[in-house]
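Try each task before reading its solution.

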Amino acid sequence: MFRSAPRLVRQAGAVQRRFASSAPNKKEPSGLLESLIAADQTLAQTKLFHKTNLACMVLAPLAIVAHPSPLSMPVDLALAVVFPLHAHMGMNFIFTDYVPGSPTGPARMALLAVTVLSTVGLLKLAVSEDGITGSLKAVWKEPKKEEK
């Protein structure tokens, strides 16, 4: 049922639990498409995943604070790329650990399609009038009352 037992990895004095199947492999993807499809296979991709995590933690609050300013659009554009990329790489780690058999086929291809569509949709929203942040802030605004 389980493909691999968890093992302990010692990093910077702390012990982390890691599944053997999620450890980066030695084989480097040959091209950009292969690198996107198997976005959890190398150490460089794992480091990029951690950098996108940091970018999300910095950009999300910055977007909320900077919304009605000229800085809002560049931050929204960065979020439109970073959020789907981070989600794509994270789901690849989940596929590696929990999808039985070889997850390099339909599951990863479908994930890539969803990631591309999400990125395109968020980029379109980012260049729209309110942007991503303005659209999300509009959810919490009270509707304007009509005068009779």
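**Exercise 1: helix α4**

Helix α4 has 21 residues and spans 30 Å from its first C-alpha to its last, close to the 30 Å expected at 1.5 Å a residue. Keep in mind that this is a predicted model.

Task: find which residues of α4 are buried, and work out how they are arranged around the helix axis.

Solution. Start by listing the buried residues of α4: R108, L111, L112, T115, T119 and A126. Next, look down the axis of α4: these buried residues fall within an arc of 100°, so they line one face of the helix. Then turn to the other side of α4, where P106, L117, V120 and K124 are exposed. Finally, see what covers the buried residues: α1, α3 (72–98) and α5 are included.

**Exercise 2: T133**

Task: decide whether T133 is buried or exposed, and find which side chain makes a polar contact with its side chain.

Solution. First locate T133 in helix α5, residues 131–140. Its relative accessible area is 5%, and buried means under 20%, so T133 is buried. Now check its surroundings: leaving out residues up to four places away in sequence, T133 touches A63, I64, H67 and D76. The side chain of D76 makes a polar contact with that of T133, at 2.6 Å.

**Exercise 3: confidence**

Solution. Begin with the whole chain, which averages a pLDDT of 79, with 77% of the residues scoring at least 70.

Key
Residues numbered from 1 in each chain as written. Predicted model: local features only at pLDDT ≥ 70, side-chain atom pairs only at ≥ 80, totals over all residues. Heavy atoms only, no water. Helix = DSSP H or I, 4+ residues; strand = E, 2+ residues; numbered from the N terminus. Buried < 20%, exposed > 50% of the residue type's maximum accessible area, 1.4 Å probe, protein only. Polar contact = N/O pair within 3.5 Å; in protein donor to acceptor, adjacent residues only side chain to side chain. Contact = heavy atoms within 4.5 Å. pLDDT = per-residue confidence, 0-100. Expected span 1.5 Å × (residues − 1). Arc of directions from axis to C-beta.
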